[in-house]
Amino acid sequence: MGPVLLSLLLAAIFAAAGVGEAVYIPYNTSAGVVPGKLNVHVVPHTHDDVGWLKTVDQYYVGSNNSIQGACVQNVLDSLIPALLKDENRKFIYVEQAFFQRWWRNQNDMIKDTVKGLISSGRLELINGGMCMHDEAAVHYIDMIDQTTLGHSYIKEEFGQIPRIGWQIDPFGHSAVQAYLLGAEVGFDAFYFFRIDYQDRDTRKGTKELEVVWRGSKTLGSSADIFAGIFPKNYEPPPGEFYFEVDDSSPVVQDDPLLFDYNVEERVNDFVAAAVAQANITRTNHIMFTMGTDFKYQYAESWFRNMDKLIHYVNKDGRVNALYSTPSIYTDAKYAANEQWPLKTNDFFPYADNPNAYWTGYFTSRPALKRYVRMMSGYYLAARQLEFFKGRHSSGLSTDSLGDALALAQHHDAVTGTEKQHVANDYAKRLSIGYTQAQELVSTSLACLTESGSISRCSSPMTKLSQCLLLNVTYCPPAEMDLTKGKSLVVLVYNSLGWKREDILRIPVFSDSIVVHDSEGREIESQLLPIATASLNIRDKHVKAYLSITPGAKPKFWLAFPVSIPPLGFNTYFVSNSKKSAHMSSKSSQYSPQGSESSNLQVGQGNLKLQYNAAGTLSLYSDSKTQVQANFEQKYKYYIGQDGNASDPQASGAYIFRPNGTVPIKTDGQVPLTVLRGPIVDEVHQQINSWIYQITRVYKGKDYVETEFIVGPIPVDDGNGKELATEIVTNMATNKTFYTDSSGRDFIKRIRDYRSEWKIEVHQPIAGNYYPVNLGIYVEDGSKELSVLVDRSIGGSSIKDGQIELMLHRRLLHDDGKGVAEALNETVCLDKQCEGLIIEGKYYVKIDPQGEGARWRRTFGQEIYSPLLLAFTEQDGGNWANSHVAKFSAMDSTYSLPDNVAMLTLQELEDGSVLLRFAHLYEAGEDKDLSTLASIDLKRVFPEKKIDKIIETSLSANQERTAMEKKRLKWKVQGSAADEKVVRGGPVDPSKLVVELGPMEIRTFIISFDHQLRSQHQ
Ligand SMILES: [Zn+2]
């Protein structure tokens, strides 16, 4: 028989067998959970990055497809008809930044349809923030803000409260995510997959991929959450179940009239995948995550195949397959009434193979990281000022900055793991948002200084301006000519709830300056010559970023002490003076040669630093605390592994893989220049041609401030480099150090060790790096060495007594994790590009054992919320006649307790106010401050009367009491620990006192009596 005849014959047989069925098959997709069977929860989903290889808008509209064929609009457009086709089909959507872009383009008919799908649970909005934020390089305040933005939108538009955390892609997971952005927002469970491969292998063996995660030592079981770790990734199970139109997996071919009928094979593949997963999972429920990045652009293709799989698998009967969502899955897990293993601490660092530690991104794009952190603190302050002014009194708002910041928290944004053009897009959005917020801030401050009270005001006479580029010594309003009798007015705003003493620095031209405070008193000030290294970066960056050529270079930093009331401002006046009792002192300048620097001492107050003959720091001593320590500070770089063919894992945007450590050579002696004066001593050092550093000791302060200017990192030798600074002491720290979790709880780290599983060490440096957002410290039983940072950064203690921070990275190879670009940032001017220079600060303090928390917490909050400066000028000296020079929005004799920060004060669109307080201390961290704190709201808002106060979940989308009632309480294996969790009690609406237990964050929506407000106008 020839081949033609055979196929004709076969076709005839199939046609005969399939009569009736081949026309229309009603697939039965209605299965729910079946007790006693293995239930396979088929969860259709798409993972849509709000920027990565393309910008968020390019991903949305589907442009720039030569980079990546991805169009989120296609996903959402095709999803709706696909869901309508069968009422059992379900889908989850996660990223609100995309969903909102789509929603505002829809007509009423589609909107009604989608609302129906959402309210019936067929389309579920989960996670619910604007993006799926990162968990290592993101500060907890930003996590809260971006989640609140998304959740409030979902509540308003759809009346929904997301139940499930879905952090499926971030590169490691923080304790703060579990307890704060999980339990405290009311989530019942939290799903993800990126944990260390060795940890995963261990958990598979012991069926511990699903756990109860207790992220907070202080809040204990009251903030437990169910955490599900996917066995492999967030994609369909092994066995080829990808059904995008261009995917290569075999579709389910069940038409007997056609060739390649494969129902049995596909059912067998499905059952095999289910059984394999069931073997490593507790209970008879498993989840198939059916989707991955930017999938469902033609949703019907996926659903068609899943319909068939569910239909035929259930006909087969070995397992039960059902359309499901993470909520349905979570409820099924809960109903199983199982006791779950307990997980504490976090899931950092993440490695997906022995040489791939995802610890490089803790530092990648350090300038973007700093920009995000600056904007974060600014946004907090700007919303306060927006509230003081009144949200509706003009078109200015902080909304655009809030949106830009939300996007910047994405796990390919602040992480530095996006392509360069996408990083530029995030920065552009921040810049636009900042520009609007800045105008609002200036207007609000002008209103306050003109009226001295919180009242609606929109067009004040006083024109204030601000200086974003003060870090490169660029501040045009301060560059005014003071010689003609004018003076510079500096309005200094403090967004913290406590009074603050600080030192300001402003660039000036004149060397005969006098500074007056708001009561007309002359105050002490000091002039410090501006380092050439600072001036060199000024002109270039002003031109590169603002496209303007800055004017003449200022000569000095003017430093003077300021004292600012809580939630308020004070005003200072800088003018020219030839003769005055408190003329600014010019710093003495001294450059010791050779051995002259031996035993050189700096510091005018209690804290003294001593240098040795080589020009390096040798001793730290504090006469007040009696702390003394040998102390060295130096630089080194790691050579980035180049990933050559035989060993392909390179160091890159995600991965830190050092191939050798090179100390920065100092040729015997680093020349020092010492500036001394009444306010601050500075030691300037050009460490090498691309590292400049200034070490400062302020007279009234008991910590060391180090400013660094690093770059361009030279790569002409063909090696990428990752620069770290080290602080080395002789403290015996026993492999142990502590790093913060997303800027909040400190977690104990032990070198080459994991507390919950046994690690085989392959990367002794990269595998001991952790994210640092607030700080890192070590202790030896008699003292604590703490280092605080100005942005998110990678850090470690690689040797006992040592702390290191990775400040900057410049690499020449892609690390193969998807971004397909080397992390080689440059700044271009007139078509000439050179490596990025970064400027920043870190802060060091040594305290007696047990006393370090106060500085880490209180000063840490001051680093996050720097004083906000606004400038104007006055002719003559009668500012006080027409302006209020000193102001506090709170009762003038009140301040928040030392252990409390106001995280949010924001007027919402409906006129109500979002108010959020955080206790800054963990239980047992400080003998005085780890205690219940209370806040007297009547004194926080002395001019207003609170009508109504409702405590809400952390993301403000539901009442706290309702959330607590509803939230699932999971059982933990082993006996219940005896724990005492302190939380504040309910707020009595007549007393209006808010209590906070250690580490507690409480969120309120308050309404003011508007009658009272209008009386004040
Ligand atoms: Zn992603």
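The model is predicted, so local features are reported only at pLDDT of at least 70 and side-chain atom pairs only at pLDDT 80 or more, while totals for chains, interfaces and linings use all residues. Residues are numbered from 1 along each chain as its sequence is written, and side-chain values use heavy atoms, with hydrogens and water left out.

**Zinc site**

- The zinc ion is coordinated by His47 (NE2), Asp49 (OD), Asp169 (OD) and His411 (NE2) at 2.0 to 2.1 Å, where donors are N, O and S atoms within 2.8 Å of the metal (3.2 Å for Na, K and Ca) and sites may look incomplete as water is not among the atoms.
- Asp49, in the loop between strand E1 (39-44) and helix H2 (56-61), and His411, in the loop between helix H13 (399-408) and helix H14 (420-451), are 362 residues apart and link distant parts of the chain; helices (H or I, at least four residues) and strands (E, at least two) are DSSP runs numbered from the N terminus.
- Both Asp49 and His411 are buried, a class that means under 20% relative accessible area, with exposed over 50% and partly exposed in between (1.4 Å probe, protein chains only).

**Salt bridges**

- The count comes to 67 salt bridges, each being a side-chain nitrogen of Lys or Arg within 4 Å of a carboxyl oxygen of Asp or Glu.
- Asp331 and Arg163 form one of them, with the closest N and O atoms 2.7 Å apart; Asp331 lies in helix H11 (residues 326-335) and Arg163 in the loop between helix H6 (140-158) and strand E4 (164-166), so the pair ties together parts that are 168 residues apart in sequence.
- Glu184 and Arg983 also meet in a salt bridge (2.7 Å, N to O), and Glu184 counts as buried at 3% relative accessibility, whereas Arg983 is partly exposed at 23%.
- A network of salt bridges links Glu184, Arg960, Glu964, Arg983 and Glu1000.

**Strands**

- An open sheet of four strands has the order E15-E19-E18-E21 with mixed pairing, two strands being paired if DSSP finds at least two bridges between them.
- Strand E15 (500-508) and strand E21 (585-586) stand at the edges with a single partner strand each, so one side of each is left without a neighbour in the sheet.
- Strand E40 (residues 826-829) and strand E41 (residues 832-835) run antiparallel and are joined by four bridges, and in their hairpin, which has two residues between the strands, Asp830 in the turn has a positive phi of about 50°.
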